[in-house]
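This report concerns a single protein chain and how parts of it are arranged. The sequence and the structure are shown below.

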Amino acid sequence: MPDGTDTRQQRFPEKLTDFSIKKTRQNKDLDRRAFLKAGAAIGGGFVLTLALPPLAGSPVAAAEAKDFAPNAFIRIDRQGLVTLVMPMVEMGQGVYTAQAMLLAEELEVGLHQVKLEHSPPDDKLYGNALLGSQATGGSTTIRAFWLPLRQAGAAARTMLVAAAAKRWNVDAAKLTARDGAVLNPASNATLGYGELADDAATMPVPKPESITLKDPKDFKLLGTPAKRLDTPDKVVGKAEFGIDVKLPGMKVAAIAISPVFGGKPKSVDDKAVLAVKGVRQVVKTDDAVAVVADHMGAAKKGLAAANITWDDGPNAKVDSAGIVSQLTEASKQPGAVARNEGDTAKALAGAAKKLEAIYQVPFLAHAAMEPMNCTVHVRKDGCDVWVGTQVPTMAQAVAAEITGLPKDKVKVYNHLIGGGFGRRLEADGVARAVKVAQQVDGPVKVIWSREEDIQHDMYRPYYFDRMSAGLDASGKPVAWTHRIAGSSILARYFPPAFKDGIDSDAVEAAAEPPYALPNIHVDYVRVEPPGIPTSWWRGVGPTHNVFVVESFMDELAAAAKADPVAYRKELLANNPRALGVLTLAAEKAGWGKPLPKGRGRGVSVQFAFGSFMSMVAEVETAADGTLKVHRLTCAVDCGLQVNPDTIAAQVEGGAIFGLTAALHGAITLKDGRVEQGNFDTYLPMRIDEVPVVETHLVKSAEAPGGIGETATVAVGPAVANAVFAATGKRIRTLPIDTDTLKTG
């Protein structure tokens with residue numbers, strides 16, 4: 001809107017990752033149904049079934065007339081142990097602890113009394129209400145479960161208190177619950193939850209409207225720096241990731257996939273492969289060759305001896321230059337309109353000063369520390385899959401389709417994930433493993449090498465952006481246009497969400513910048529690179545749009561000869577939360593204080609994933625072009641906080657992930673092949689490159705926002721703007737080319 005007010009929920013109600021939650025709206029949705037049911041556990045105890053309806057306006061709610069009621073299951077056994085069957089997967093972001101905190105706060109138990117289990121695949125029982133399926137992504141876990149899990153805890157507590165009141169024959173209102181027990185202050189009598197579990201299962205389930213949640217000022221656990229529940233097992237090596245799976249009679253397979261997307265194997269030296277000690281068989285699929293052996297060493301040696309020749313197929317001549325040329329030409333044509341307010345053409349024509357710029361960001365791989373892997377056992381009557389996945393129901397569906405089995409005959413055993421970043425929102429690794437396992441007698445673990453992982457990823461899209469703006473005589477923006485050209489992930493991943501030519505993720509943070517812009521036009525041109533699969537990264541649309549918007553806003557400030565922070569503040573006057581994080585970040589970073597020669601500060605502001613963030617980067621450049629990022633100062637308003645330590649950790653990790661991409665990250669192609677293959681050519685941050693990262697949290701009474709991807713988005717433009725402050729050279733293409741910074 002012209003006044004800078006955020007309207008993204010109204011503008012993109014269909015969006016898979018449009019997660020701006022309003023508490024009143026979610027409460028209304030939850031109140032529509034009796035979302036809690038109680039029963040007795042097998043062997044005794046208390047089971048509470050928690051139904052999580054979809055957020056109104058979500059893709060599932062819009063696509064289905066009937067209610068969609070995913071569930072999580074809470075069990076309290078006779079020993080008082082609370083088990084939360086967890087639909088979201090832990091991949092280092094701390095959600096297991098955060099979810100347990102939500103439940104424990106209202107249930108009045110300690111974190112040590114809560115146990116978590118991976119859930120089986122079932123969209124209707126365990127779906128993420130904001131994504132419309134059982135998926136962990138989009139920084140949605142806390143947003144999706146903030147109210148439902150607290151309500152479930154409060155309901156269970158109410159039923160336990162009612163059970164104690166009945167046993168003591170007293171008024172339930174006179175009893176209290178604390179530390180997993182019900183107390184009678186009048187008699188000092190105490191009954192533990194375990195003692196009450198059987199009786200509680202027979203109590204009537206309170207209706208949602210009758211459940212009273214704690215006022216945030218009364219929180220004991222939420223908002224405190226709780227120690228993570230998954231850390232001890234990880235420290236001592238007990239935690240089991242997908243790659244750790246061991247089964248009786250299991251074989252291990254190394255895989256080689258066609259080096260060109262769309263290619264297939266022509267010939268394999270089976271005899272040489274089978275001559276390797278420990279190799280059991282060679283398996284060929286449509287586009288890959290796998291060597292099955294007793295252990296990974298033998299499988300890799302066998303693969304090395306295979307002497308595979310490939311039919312490269314139709315994409316053998318694809319290269320980076322051709323893809324950029326395709327994007328350049330496509331971006332010259334008008335696209336589908338994501339936002340059009342005012343009259344930008346007229347405003348540009350009358351502007352005192354006009355600016356134009358082209359920005360580009362490259363393909364990016366995920367390069368998670370745990371490479372792709374999946375263990376599968378295919379039988380005539382069923383299929384078992386052991387994997388770490390962000391989408392267990394998709395994994396199940398893919399396995400069922402390939403094997404021809406009914407879904408209920410496919411069992412997926414989910415595991416901790418050693419780095420997801422969106423890579424495991426896809427099931428291509430499961431598909432390849434199932435195809436191999438179909439030809440193997442017994443379970444087989446398929447492991448990708450680092451090279452296969454990087455060269456056969458599903459990449460963050462390459463984007464090409466055309467920007468223009470007009471300034472009035474005082475330097476204020478009077479017109480803003482933004483054209484985005486790039487791949488549409490939504491059109492493939494969830495076609496109903498791709499409407500009227502708009503990929504709402506591809507335009508996120510571009511169609512709704514936080515600033516007051518009186519005339520704004522944003523459009524999108526879908527351009528699919530030949531043969532290059534694209535998918536979710538640690539954020540997609542915002543990771544490129546915030547870089548473009550915040551870099552170009554910096555260009556406007558420079559053209560107006562204004563301080564970048566002061567310039568932004570004036571445009572954020574009607575956006576208090578964005579203004580708040582900008583002011584805090586600038587203050588904590590010492591904005592305006594002198595810096596040594598060769599150093600500069602740069603700033604970015606954003607609203608993405610339901611949270612507001614501002615980051616200030618301090619960088620140093622040398623005559624030879626060497627770039628050193630010394631400090632990142634970040635201010636975050638993510639609404640009510642669950643675990644501040646986890647928030648800070650996610651900011652730190654996300655900032656380093658985004659900084660890695662800004663400084664080093666680029667996937668390039670030549671002769672249809674990805675040129676990068678390991679960490680020598682697809683560089684991670686080295687320890688001597690890592691800056692100090694400071695996180696400052698804004699206290700807020702707003703509903704929680706997402707945090708896992710926010711800092712990844714913020715860091716690129718902050719660093720690029722700092723480079724300009726230090727050198728006067730504008731960065732419009734990532735990763736930063738340090739050769740352009742040389743002055744000697």
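The model is a predicted one.

Five strands form an open sheet with mixed pairing, in the order S14-S22-S21-S20-S15. The edges are held by strand S14 (336–341) and strand S15 (353–361); each has a single partner strand, so one side of each is left without a neighbour in the sheet. From one strand to the next, the twist averages 10°.

Helix H11 (residues 320–330) touches S15, strand S20 (463–471), strand S21 (477–486) and S22, and its direction makes about 40° with that of S20. Helix H17 (residues 541–559) touches S15, S20 and S21, and its direction makes about 150° with that of S15.

**Two helix pairs**

Two packed helices are described by the angle between their axes and the distance between the axes. The table gives both values for two pairs.

| Helix pair | Angle between axes | Distance between axes |
|---|---|---|
| H17 (residues 541–559) and H18 (residues 564–571) | about 105° | 9 Å |
| H20 (residues 644–663) and H21 (residues 710–727) | about 50° | 7 Å |

H17 packs with H18 at an angle of about 105°, which makes the two helices roughly perpendicular, because angles of 65 to 115 degrees fall in that class. On the H17 side, the contact involves Glu-550, Met-553, Asp-554, Leu-556 and Ala-557, which meet Pro-564, Tyr-567, Arg-568 and Leu-571 of H18. Sorted by class, this contact of H17 with H18 holds six nonpolar and three charged residues, and no polar ones.

H20 and H21 pack at an angle of about 50°, and H20 is therefore oblique to H21. Their crossing is right-handed. H20 contributes Val-651, Gly-654, Ala-655, Phe-657, Gly-658, Leu-659 and Ala-662 to the contact, while H21 contributes Ala-711, Thr-712, Val-715, Gly-716 and Val-719. By class, eight residues of this contact are nonpolar, four are polar and none is charged.

The segment after H21 includes Pro-735. The peptide bond that leads from Leu-734 to Pro-735 is cis, with omega near -5°.

**Strand S25 and its partners**

Strand S25 (residues 627–637) is mostly covered, with eight of its 11 residues buried. S25 runs antiparallel to strand S24 (residues 611–621), and 10 bridges join the two. Glu-618 is bridged to Arg-631 in S25. The hairpin of S24 and S25 has five residues between the strands, and Gly-625 in this hairpin takes a positive phi near 90°.

S25 also pairs with strand S28 (residues 692–697), here in the parallel sense and over six bridges. In that pairing, the bridge partner of Thr-633 is Glu-694 of S28.

**Individual residues**

Two residues other than glycine have a positive phi. For Glu-108, phi is near 65°. Glu-108 lies in the loop between helix H4 (95–107) and strand S5 (114–118). Its relative accessibility is 12%, so Glu-108 counts as buried, the cut-off being under 20%.

For Ala-367, phi is near 50°. Ala-367 belongs to the loop between S15 and strand S16 (373–379). Ala-367 likewise counts as buried, because its relative accessibility is 14%.

Is Leu-125 buried or partly exposed? Leu-125 has a relative accessible area of 27% and is therefore partly exposed. This residue is found in helix H5 (residues 123–126). Leu-125 and Pro-87 are separated by 38 residues in sequence, and their C-alpha atoms are 8.7 Å apart in space.

Methods. Residues numbered from 1 in each chain as written. Predicted model: local features only at pLDDT ≥ 70, side-chain atom pairs only at ≥ 80, totals over all residues. Heavy atoms only, no water. Axes fitted to C-alpha atoms, helices over the stretch in contact; angles between N-to-C directions. Helix = DSSP H or I, 4+ residues; strand = E, 2+ residues; numbered from the N terminus. Parallel < 35°, antiparallel > 145°, perpendicular 65-115°, else oblique. Left-handed = near helix turned anticlockwise from the far one by under 90°. Contact = heavy atoms within 4.5 Å. Nonpolar A, V, L, I, M, F, W, Y, C, P; charged D, E, K, R; others polar. Pairing = 2+ DSSP bridges. Buried < 20%, exposed > 50% of the residue type's maximum accessible area, 1.4 Å probe, protein only.
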